[in-house]
Structures are given as C-alpha cells and as structure tokens.
Amino acid sequence: MHWLKINEANYLSMRNVILCVAVTLDGYIEGPNGEYDWCFTDQDYGMTAFLDRIDALFVGRKSYELLKNPDEAASNYSFPGYKKYVFSNTLTEVDDEVELVRGDIKAQVNELKNQPGKDIWLFGGADLTASFLREGLVDELLLAIHPIILGSGKLLFTTTTDRIKLTLIDSKTYSTGLVSVSYKMAY
C-alpha cells in the first residue's frame, strides 16, 4: 500500500494499480489465434474477492472494443458497475460511462491513483501493460498461472527490457493445478 502524506497528523491511502491476468506456464496470455479457451472457468479462483478490492478498470483500445462488442465472448465480462478508463490516442469518443485517457499516462494515472476509491485493475491489453510497466505504474502483479503450455501466442511480457524485482505477497494452489501468485512491484 502506498501512502500520500496530507499533513503531519493525517495520511490518505493511495489506490493501487493491479495487473491481474491469466497466464500459461510458458508465459502466454493468448493462444496463436487470440484464443483464451484454455482459461479455467470451473470455479471462482479468487476472482470474487479480487473484484471486491477494485472499483475501476484501465483498458486499452482493443480491450475496450472487445468488452463493448455484444457478439464477443468477452462481453460476458463487461463489468457493469465498475468505472472504466480507456487509454487511447486514436479514439476520439467512448461510451458515456467510460472516460477516455490520452497523452501523458504517467501524470494522469498518478492523479487517478490519488482520488478516493478502491484499487484499480489494469485489465489489458499487452501494449498498455508494457507502457504501465515501463512507466512504473503497476503496484501489484496478480497472476493466475494455468498448468498448460501453449508453445505460441501472445506473451505477457513482450517489450519489458528492464529488470523489475518482485516481492511475494501471497500464493494459493488449487486442486486443478492452477496457482495464483501475488507480487508487490519493486521498481
């Protein structure tokens, strides 16, 4: 948890940005054709507790378009009731309940982290995740590691060139072999 000093006697907690993502054992977040049919859905895997921790989502343009498309399977996960922020320099308008974020993401994300509220889920996509990591904007990494090797697809960490140290916060193993790990980022 970060702390923002208000004055000598009072402290206000700062919201955390949490990258929460399903990943294969070999580091893929999508199969070679963009599929994620390998993700386990037979039980909760801690998602209810995670969703209770957040009140907002950060998404990139592609993820936003996927979430709002009623024909896509992902529309089942449109997350009504959560504030959504779309990071895009190409979109010019978004739905009424969504806020468009453009330009200097570091300053804008830090401003949002200082607003009252719960933590924020860095939902996707890969380019936005890479930008957040490069700017040091991810506070926590929550991985649902699935016991499968895809061999190809979209890797979670594609453009990260700097080392980032992590401190283990929590881990949980499920009967299916899925392992959930949570790390605090130490930039």
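Reader: Against which strands do the buried residues of H2 pack?

Author: The model is a predicted one, in which local features need pLDDT of at least 70 and side-chain atom pairs count only at pLDDT 80 or more, while totals for chains, interfaces and linings use all residues. Residues are numbered from 1 along each chain as its sequence is written, and side-chain values use heavy atoms, with hydrogens and water left out. The buried residues of H2 pack against strand S5 (54–60), S6, S7 and strand S8 (119–124). Contact here means heavy atoms within 4.5 Å. Helices (H or I, at least four residues) and strands (E, at least two) are DSSP runs, numbered from the N terminus.

Reader: Which residues of H2 are buried, and what puts them on the same side of the helix?

Author: Helix H2 covers residues 61–68, and its buried residues are Ser63, Tyr64 and Leu67. They cover an arc of only 100° around the axis, and therefore lie on the same side of H2. The arc is that of the directions from the helix axis to the C-beta atoms. As a general rule, an α-helix has 3.6 residues a turn, so residues three or four places apart point the same way.

Reader: Why is Ser88 called buried?

Author: Buried means under 20% relative accessible area, exposed over 50%, and partly exposed in between (1.4 Å probe, protein chains only). Ser88 has a relative accessible area of 6%, and is therefore buried. Ser88 lies in the loop between strand S6 (83–87) and strand S7 (98–101). Leaving out residues up to four places away in sequence, Ser88 touches Arg61, Leu100, Val101 and Arg102.

Reader: Why is Asn114 called partly exposed?

Author: Its relative accessible area is 29%, so Asn114 counts as partly exposed. Asn114 is placed in the loop between H3 and S8. A polar atom of the Asn114 side chain lies 2.9 Å from the backbone oxygen of Asn110.

Reader: Is Lys106 buried or partly exposed, and which residues does it touch?

Author: Lys106 has a relative accessible area of 36%, so it is partly exposed. Lys106 belongs to helix H3. Not counting residues up to four places away in sequence, Lys106 touches Glu135 and Leu137. A polar atom of its side chain lies 3.4 Å from the backbone oxygen of Glu135.

Reader: How many disulfides are there?

Author: A disulfide is a pair of cysteine sulfur atoms within 2.5 Å, and by this rule the count comes to zero. As for accessibility, Cys20 is buried because its relative accessible area is 10%, whereas Cys39, at 21%, counts as partly exposed.

Reader: What makes a group of residues a nonpolar core, and which residues have the most contacts inside the largest one?

Author: A nonpolar core is a set of buried Ala, Val, Leu, Ile, Met, Phe, Trp, Tyr and Cys residues joined through side-chain atoms within 4.5 Å. The largest has 26 residues, and Phe58, Phe87, Leu122 and Phe132 have the most contacts inside it. Among the elements that give two or more residues to this core are strand S3 (17–24), helix H3 (105–113) and strand S9 (140–146). A second, separate core has 16 residues, including Ile18, Val59, Val86 and Leu91.

Reader: How do S3 and S9 pair?

Author: S3 and S9 pair in the parallel sense over seven bridges; two strands pair if DSSP finds at least two bridges between them. Cys20 stands opposite Leu142 in S9. S9 and S12 run antiparallel and are joined by six bridges. Five of the seven residues of S9 are buried.

Reader: What is the phi of Tyr45, and why is this residue called buried?

Author: Tyr45 has a positive phi of about 55°, although it is not a glycine. At 11% relative accessibility, Tyr45 therefore counts as buried. Most residues other than glycine have a negative phi, and most peptide bonds are trans. A cis peptide bond joins Gly124 and Gly125, with omega about 15°.

Note on methods. A polar contact is a pair of N or O atoms within 3.5 Å; within protein, one must be able to donate a hydrogen and the other to accept it, and residues adjacent in sequence count only if both atoms are side-chain atoms.
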